[in-house]
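Reader: Before we turn to particular elements, could you set out the terms with their cut-offs and then take my questions in order?

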Amino acid sequence: MAKYGYGVDIGGTAVKMGLFTDEGKLIEKWSIDTNTAEAGFHVLPDIAASIKANIAAHELKLEDILGIGMGVPGPVDASGLITCVNLGWKDYPAVSTLEGLTGLKVRCGNDANVAALGETWMGGGAGCKNVIMVTLGTGVGGGIIIDGKILQGAHGAAGEIGHLPIKPDDTRRCNCGNRGCLELYTSANGNVRVAQDYLAEVDTPSPLRDYEKLDSKICWDYAIAGDPVAVEIADRFCRLLGIGLATIANTIDPEAFIIGGGVSKTGEPLRVWIEKYYKEYAFHAVRGVEIRLAKLGNDAGIFGAMRMLMV
C-alpha cells in the first residue's frame with residue numbers, strides 16, 4: 001500500500017516541494033528555481049528530475065508513492081489543461097506531461113485553492129470540512145473547501161474572493177479590469193490605499209503622516225497602539241472585509257474562515273477586528289462562523305497538494 005506522496009507548489013520564481021507520509025507528516029521540503037524560459041517548457045522536467053532524485057535518495061519504490069499533487073498559479077479546467085501567464089503556459093497539458101515524465105499519478109489545482117485545502121487538513125481549519133480561506137497579501141486570494149474537497153467551479157475559478165464587487169461606484173480599476181473589487185481595499189496594498197484616502201479626507205494629526213512610504217504593517221501597528229486615525233483606517237479596512245466575508249458566508253455557509261497572507265501576521269487583533277464587522281453584516285444563521293488565523297504559512301501549498309492525492 002502506498003505510504004508516501006509529493007506536494008508541489010509552483011510559484012513564479014520558485015517551486016516548493018515536499019515529501020510526505022500518507023498521514024500528513026512532512027519528511028523533507030526543498031525548493032528549486034522556476035525556469036520560465038521557452039514558454040515554461042522547462043518547469044515540469046525540472047520538477048520531475050528533482051522528485052526522481054529525491055525518490056532515489058530515500059530509496060523509495062514507485063509502488064510506495066501515492067503520486068504528485070501540484071498547485072499552480074492559474075485556473076485548472078476539468079481536462080487538466082492549465083493557463084498560467086506567469087509560467088508562460090496556455091492550455092498546457094501539465095497533468096499528463098508530468099505523469100509521463102515521472103510515471104506517477106498527478107493531481108493539480110489552483111494554488112490558492114490548494115493552500116486552502118492544506119490549511120483545512122493540517123492548519124487553521126483542522127477539524128472542519130467546510131472552510132473558506134482568504135489570503136490577504138499583495139492581492140486577495142481565496143479557496144473554498146466543501147466536504148473536505150476543493151470547490152473548483154465550472155471554469156476553475158471558484159474562490160476568486162478578491163474580485164467581489166464591493167464598491168462598484170469607485171472609479172479606480174482593479175488589475176482584473178473591473179472597479180470596486182474587494183482586493184482594492186483589503187489587500188496589503190489596499191490597506192495603504194484606504195489609509196491614503198482617509199488621510200486626504202481629514203487633517204487630524206497622526207504619526208502616519210510622518211511616513212514617506214506607508215505599508216500595511218505600519219498602519220496596523222499604530223491602530224493597535226490606539227492612534228485614532230489608524231483606528232479609523234483599520235475600521236474601514238475591516239468593515240469592507242466583513243461585508244465581503246458575510247456575503248460569501250450567506251451563500252456558502254462554511255464552518256470557518258481562515259485568514260492568511262502577509263496581513264494576517266498582525267495576528268489576534270486583526271482577527272478580532274474582522275470578526276466584529278463580520279458579525280455585524282452576516283445573516284443570523286451564519287453569524288457564528290469562526291474567524292481563524294492560518295497556521296501553515298508558506299507550507300500550506302505543499303500540504304494541500306499532498307492532500308489532493310488522498311481525497
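Predicted model: local features only at pLDDT ≥ 70, side-chain atom pairs only at ≥ 80, totals over all residues.

Reader: Which residue in S9 stands opposite Leu 136?

Author: Strand S8 (residues 131-136) and strand S9 (residues 140-146) run antiparallel and are joined by 6 bridges. Opposite Leu 136 in this pairing, the residue in S9 is Val 140.

Reader: Which strands are the edge strands of the open sheet?

Author: The open sheet is formed by 5 strands with mixed pairing, in the order S10-S9-S8-S11-S12. Pairing on one side only marks the edge strands, which are strand S10 (149-150) and strand S12 (290-293).

Reader: What angle does the direction of helix H8 make with that of S8?

Author: Helix H8 (residues 228-252) packs on the sheet and touches S8, S9, strand S11 (256-260) and S12, where contact means heavy atoms within 4.5 Å. Axes are lines fitted to C-alpha atoms, for helices over the stretch in contact, and angles between N-to-C directions run from 0 to 180 degrees. On that convention the angle between the directions of H8 and S8 is about 155°.

Reader: How are H4 and H10 oriented to each other?

Author: Two packed helices are described by the angle between their axes and the distance between the axes. The axes of helix H4 (residues 111-122) and helix H10 (residues 300-308) come within 6 Å and cross at roughly 85°. Angles under 35 degrees count as roughly parallel, over 145 as roughly antiparallel, 65 to 115 as roughly perpendicular and the rest as oblique. H4 and H10 are therefore roughly perpendicular.

Reader: How many residues of the contact of H4 with H10 are nonpolar?

Author: The contact includes Trp 121 and Met 122 from H4, and Phe 303 and Arg 307 from H10. Ala, Val, Leu, Ile, Met, Phe, Trp, Tyr, Cys and Pro count as nonpolar, Asp, Glu, Lys and Arg as charged, and the others, Gly among them, as polar. By that division 3 residues of the contact are polar, 2 are charged, and the number that are nonpolar is 10.

Reader: Is Tyr 198 buried or exposed?

Author: Tyr 198 lies in helix H6 (residues 188-201) and, leaving aside its neighbours within four places in sequence, is in contact with Val 229, Glu 232, Ile 233 and Arg 236. Buried means under 20% relative accessible area, exposed over 50% and partly exposed in between, with a 1.4 Å probe and protein chains only. Because its relative accessibility is 13%, Tyr 198 counts as buried.

Reader: How far apart are the closest N and O atoms of Arg 271 and Glu 275?

Author: A salt bridge is a side-chain nitrogen of Lys or Arg within 4 Å of a carboxyl oxygen of Asp or Glu. Arg 271, buried at 16% relative accessible area, forms one with Glu 268 at 2.8 Å. Arg 271 and Glu 275 are 4 residues apart in helix H9 and so separated by about one helical turn; in their salt bridge the closest N and O atoms are apart by 3.2 Å.

Technical notes:
Residues numbered from 1 in each chain as written. Heavy atoms only, no water. Helix = DSSP H or I, 4+ residues; strand = E, 2+ residues; numbered from the N terminus. Pairing = 2+ DSSP bridges.
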